[in-house]
Number of protein chains: 2
Amino acid sequence: MPPLTTRPKAATVGVGRQVILRPAVQKRYVELAEPTLQDQRTDIQRLLDAIDDIEATVSLAAIRTLPTVLRASNFKVTAVFIDQALIDVEPGDTTSIRYGIAYDLGTTTVVATLLDLNTGTPLAVKSMLNKQQPFGADVITRISATMLDPTALGRLRSLAQSTLAELTNEVCDEAGINPAFVYEVALAGNATMTQLLLGIDPEPLGVAPFIMASADYPDVEGSELGIIIHPGAKAVILPSLGAYVGGDIIAGALASGMDRDKRLRLFIDVGTNCEIILGDGEKILATAAPAGPAFEAASIKCGVRAASGAIETVKIVDGDLVIGTIEDALPIGICGSGLVDACACLVQVGLLDHSGRFVNDEIANQIAPQLAPRLLQREGERVFVLTWGGEIGDLNDCVFLTQRDVRELQFAKAAIATGWALLLEEFGVEESEIQQVLLAGSFGSYLSPASTIKIGLVPKLSVLRIISAGNVAGEGAKMTLLSAQERHGATALLDEIEYVELSDRSDFNDKFVDRLAFPK
Amino acid sequence: MPPLTTRPKAATVGVGRQVILRPAVQKRYVELAEPTLQDQRTDIQRLLDAIDDIEATVSLAAIRTLPTVLRASNFKVTAVFIDQALIDVEPGDTTSIRYGIAYDLGTTTVVATLLDLNTGTPLAVKSMLNKQQPFGADVITRISATMLDPTALGRLRSLAQSTLAELTNEVCDEAGINPAFVYEVALAGNATMTQLLLGIDPEPLGVAPFIMASADYPDVEGSELGIIIHPGAKAVILPSLGAYVGGDIIAGALASGMDRDKRLRLFIDVGTNCEIILGDGEKILATAAPAGPAFEAASIKCGVRAASGAIETVKIVDGDLVIGTIEDALPIGICGSGLVDACACLVQVGLLDHSGRFVNDEIANQIAPQLAPRLLQREGERVFVLTWGGEIGDLNDCVFLTQRDVRELQFAKAAIATGWALLLEEFGVEESEIQQVLLAGSFGSYLSPASTIKIGLVPKLSVLRIISAGNVAGEGAKMTLLSAQERHGATALLDEIEYVELSDRSDFNDKFVDRLAFPK
């Protein structure tokens, strides 16, 4: 018999995490003696007797094809296991072929990563907008849809499944692999996305007291996710800590090593619902802050989604405005990171005072003569023009920032800052003791660390301590595929993290008002 | 909370077995506190915290409906478990409602029994011919069909499923219960019927060295059996000892208490393939003897299936023949039990000599003057007329027994007798030590014990020691539904019973020839 185990290999995943490759998907190639009247062991017994390092449980599907496969391949076969479960027996030696897919099922964007489980290498990554978009941009509007229309849950489920199915085909196509060799997938999503995908009524998530159906789920079949992969494949659903600290955040915490890094670290997943974790590897606190849609730019007058032409960076260089757009396209509006940059600049230059109010023309001309002409009046409201559409002074086809937009951002960042301030208090530490801030999620990763400090979204620390962590939810999902141990780590996080509920805190509003102003 | 356990009740099942009612299907009614911001436990946690006597595993299906069911029923619900597995949560108190169905999937006849799991009472029993009949009367013809035509396996599977589905509807209709309240079913069938039902290629069962895909199967969903019951219901497949000692025989051994009765007992399931078990509760031997189709009357000239009008009993009263037919209908032919009776009578009266040859007319007139006119010549063969169609002496429309028919029965009974004779030898006991012979199966149960002794099908013992055990396969299936302990007993039998392969015994043919004659 060939050697049964491979030398442990490692892969770098998440925020610099080294993960030893020990996927739950295991293969064993065996060459069996043919049965005789003196050796009438059943086919399955004959197979399992030859595999001495796995105490197997057997599925009907594996038994079903076994007699045919054994005899067609002269009793030389490869047994496919997920943990202890024998899910298939393949003719010949297929030990070099095993794949998995990690999904990050976001409310807005869904990402699939195809992994070679033998090497840990990502073979293809694809993303697309969640097809549930027509039901609303955020989780609350989608939950509301299910409350108003009894058919909405089924339709939302189908749309999520169809999104995953399309991405699955795309990553397999790109890598040129047969989806039947995908034996396991892992999915990270917030509690609402997870419940909608699994067809579970999300209403109790959307109204107080915000109750999940379950924190964790049994492993399910691929068909529950609407994807066509190996018929015996298993889908691992990352567990959720609470209605607003979902599987995506548990995955993020795993990928960021929140359970093992001994430094005091603050993890912020910026979005409509903002999840915040504070921990030092021993004690870990988490909460959710209702930041509202400012970062998705949905409530912003000239706000657009982060797509081609969206203003994503705003700087002041030599007293004048320097605008950066996605793909350097003609500006069509402003997205979340542009909004944060713009406000940070305007506070820094003094056109916004610390209370968040645009200064009057006199002061504007005094402190920033080059920028002052951009401060105009529009429909009784002060606005700041970022890009001119036609003639200077003409507000048609301009991209501008309104006083109300600034207020929206202030509300959002105050909610987040109140969240971490309360966690610091619960933890019994000071802002200055934080050694690292991780900005995570599809919004957080694109924010300029310097600007987040300037507007007070993060604690006032050296800019070097603020890092963009990237798509940590997807990284966490990848880790659970590459290492059965990390998968247990994800479940263990449910016990290790203490959830702090903010919605019934009597001091929340006081602290929130304190945090509305921009830092001096 | 209401009391969680019911006082153990018992039911009489099988061959006088008392079974304590402990079904794997369990229900628990609970009334839960509603969630608050101070108690944000997930729905599933809230439920399981209230059930302290079951360490539950949870299915996605149960979680899926949980939020809706809990809130629609004011948090008063009944949890449905199979063993530890939570399969559903029902609104209100449904603890009095739990049903199961036991199937005996025979090659010829299929029987379904609907059981009330709360009381152990059978509520309805229905039987029908296995719809696979058009593919052949016995397992070998059906296996051959799959070898000749690649679509046959799928079609045979569908036909078995459709047979079970129809019976399921019939028993539920008759009892007036909703099939959604059937939470568990158990199925006993021979190895070929089991593999065909599960869609597993049966070819290796049909050719030496006669290999099963598996001895036992994981519990499967109802849909694998083609039946529509509770979607989370479990189907238990009785395990098989060997290709020709199947789940029906394991069920029969269980129902007969072969693993616990301390008497030396011989269990014979008479049929085309005849299964024989010899045991004393400590040591248990089993084998299969290829009896051929004589008992099914398929190879008998005037043979018919055991249906209305079949001659099922033959006696000689005051020197004349007394014929009994099924349903007292006009005789249309002879079935297995009639064949055994007829030969036994003719041997006893001397019209058949002990070698199995019809005597000549002279001797016939001498020893049985009333019966002698029934001994005629037909197409160069001696025949004995059981019933006259028209005029005496006219063979048209008669039911008669031919010399070849007698030979067929001799071959069949010699195969069986050789089987138990070899088991006795292996066991190291004498024929006379046997304390009970159980005649089982759809053929065996209808044979006259006295006649089986006369033809030498069973050992020469007092007729009181030969008992008809009835449909023990179905009884065994019922027991596994009523008692989780008995279910483990069925699996344990696989280890307790030692299989003796006859097909490679060098002394089989010698012993077989010795057993061809009728006993003196």
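**Exercise 1. Is Glu381(A) buried or exposed, and with which residue does its side chain meet in a salt bridge?**

Solution. Glu381(A) has a relative accessible area of 13% and is therefore buried, where buried means under 20% relative accessible area, exposed over 50% and partly exposed in between, with a 1.4 Å probe and protein chains only. The model is predicted, so that local features need pLDDT of at least 70 and side-chain atom pairs count only at pLDDT 80 or more, while totals for chains, interfaces and linings use all residues. Residues are numbered from 1 along each chain as its sequence is written, chains are lettered from A in the order in which they are written, and side-chain values use heavy atoms, with hydrogens and water left out.

The partner of Glu381(A) is Arg404(A), at 3.8 Å from N to O; a salt bridge is a side-chain nitrogen of Lys or Arg within 4 Å of a carboxyl oxygen of Asp or Glu. The pair links distant parts of the chain, with Glu381(A) in strand S20 (residues 381–387) and Arg404(A) in helix H10 (residues 403–427), 23 residues apart; helices (H or I, at least four residues) and strands (E, at least two) are DSSP runs, numbered from the N terminus. Arg404(A) counts as exposed, at 62% relative accessibility.

**Exercise 2. Work out whether the span of helix H2 of chain B agrees with its number of residues, and locate its bend.**

Solution. The expected span is 1.5 Å times one less than the number of residues. Among the buried residues of H2(B) are Leu60(B), Ile63(B) and Leu66(B).

**Exercise 3. Describe the interface of chain B and chain A.**

Solution. Begin with contacts, meaning heavy atoms within 4.5 Å: 41 residues of chain B are in contact with 41 residues of chain A. Next, the area buried between the chains is about 3100 Å², of which carbon and sulfur atoms give 64%; buried area is the accessible area (1.4 Å probe) that two parts lose on being put together, summed over both. Leu37(B), Leu60(B) and Arg64(B) supply 19% of the area that chain B buries against chain A, more than any other three residues. Finally, the rule finds 2 salt bridges across this interface, and Arg64(A) forms a salt bridge with Glu224(B), the closest N and O atoms being 2.5 Å apart.

Note on methods. Bend = angle between axes of the 7 residues up to and from the residue.
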